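Hi,

Here is the structure I promised to pass on. Have a look at it first, and then read my notes below.

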Amino acid sequence: MEELLTPATLPAYVASLGLFPEGAPLTASEISGGNLNYSFRVSHPAAGPGTRKEVFVKQTPGHVKVLGPSAALSNRRLLVERQAYAEWAAITGASACLPTILHFDEERMVLVMEFLDSKILLHDQLFAVPSDFDAPSPPDSSCPLCEIATAAGSFLGAVHGATHSSNVSEERAAELTAAFANAELRGVQLEYVFSKCYREAEGAASLRDDSAFMAEVEALKSLYMGEVAEGGLALCHGDCHPGSLMVDYAASSIKLIDPEFAIYGPPGLDIGCCLSGFALAALFHHTEGRKAAVARLVEAIGALWRAYTSAMATQWIGRYVLTATAADAMGFLGCEVARTALGFAGVRGLPIKDESMKKEAEAVAVSMARACILGRREGINVLVDFLQAL
């Protein structure tokens, strides 16, 4: 039987790693919110200046955490996460956007890294009320959200470009394909992102009956599985929603976390997944009457895409690839928006308290998903046009 760490056993375990001064009085608490894994914060309350105060500990059990032991899932998925971090850290300039890994325990499947105490989840910031971007900014002032979006786009463009199948040898592409096949978790995403919501959700009836829409979803499944690759392949995070980005607005910096779903797949996957959070946040703020926030989110969407294409272009990724990537991104964005609106994205959703307003917003989100998937070959304009017409 696997040995799972708990807040009671963690202090002794972490103390044995030598990350804190000998005899430091450590405390541990579980961090809630994850569906698959156990996450903890281990702290040294008495830490003085220059002494480490806390670390983040992640353990992958041999099952889905929220479903229990009956929902078996290999705990070896943490190896994919560790390897993704290693691949990205080797890319010029990318390490600044990654957390520092302090220890990896392959026997127990435990990863210990720096605790990002100065950062918050981008998802939480996008849906915050009141938000930091809820009011119009003075003329010529910077847009903090746009700066964060630019940082995210620049990072994704750098790592996608450096690993893109048009930029590496056939041998290297084959190596990345094998290393990041990630068949088990790819199967999870194939079911929960691209299939289950359309099959089971009551609100998906109109989508199921739309043959053109479902044909595009099937095409996106093939893209995700790497069976078709008009825009080429790159090392992707695989689940790059704003809940996987930690941000520091004061420093305009990001840290990308939780790459256990990493695959060698279509780069539009990461862009679409990331932008889906901006799109849903814009719909949320629109529903509650915050026009300035919607405008800022649309501006940030443009900033992310411009930074991404610029970073890709510096690595000689051509216009054809970027056009195909934009189409893929809008398709994958539509899939994320649809499953969220249909109630199949776990804790992520539209945090609207009024039930009638929430149902109306979810219906609009489904319409947005349909528009982006059916019109994905128009690129990012299909999303911007939809949001500006709200």
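How many bridges join strand 3 to strand 7 (residues 110–114)? There are five, and the two strands run antiparallel. Helices (H or I, at least four residues) and strands (E, at least two) are DSSP runs, numbered from the N terminus, and two strands pair if DSSP finds at least two bridges between them.

Before you go on, note that this is a predicted model: local features need pLDDT of at least 70, side-chain atom pairs count only at pLDDT 80 or more, and totals for chains, interfaces and linings use all residues. Residues are numbered from 1 along each chain as its sequence is written, and side-chain values use heavy atoms, with hydrogens and water left out.

Back to strand 3. On the strand 7 side, Phe-56 has Met-113 as its bridge partner. Strand 3 also pairs with strand 2 (residues 38–43), again in the antiparallel sense, over six bridges. There, Ser-43 stands opposite Glu-54. In general, the strands of a sheet pair through backbone hydrogen bonds, either parallel or antiparallel.

Strand 3 (residues 54–59) is largely enclosed by the rest of the structure, because six of its six residues are buried. Buried means under 20% relative accessible area, exposed means over 50%, and partly exposed is in between (1.4 Å probe, protein chains only). Glu-54, Phe-56 and Lys-58 point one way from the strand, while Val-55, Val-57 and Gln-59 point the other way.

Three strands make an open sheet in the order 8-10-11, with antiparallel pairing. Strand 8 (120–121) and strand 11 (253–256) are at the edges with a single partner strand each, so one side of each has no neighbour in the sheet. Strand 10 (residues 245–248) pairs with strand 11 over four bridges, and Leu-245 stands opposite Leu-256.

Now try Glu-87 in helix 2 (residues 77–89). Its relative accessibility is 17%, so Glu-87 counts as buried. Apart from neighbours within four places in sequence, Glu-87 is in contact (heavy atoms within 4.5 Å) with Arg-172, Leu-176, Phe-180 and Leu-235.

Finally, the whole thing. The protein has 14 helices and twelve strands, and 56% of its 390 residues count as buried. Its C-alpha atoms fill a box of roughly 60 × 50 × 45 Å along the principal axes.

Cheers
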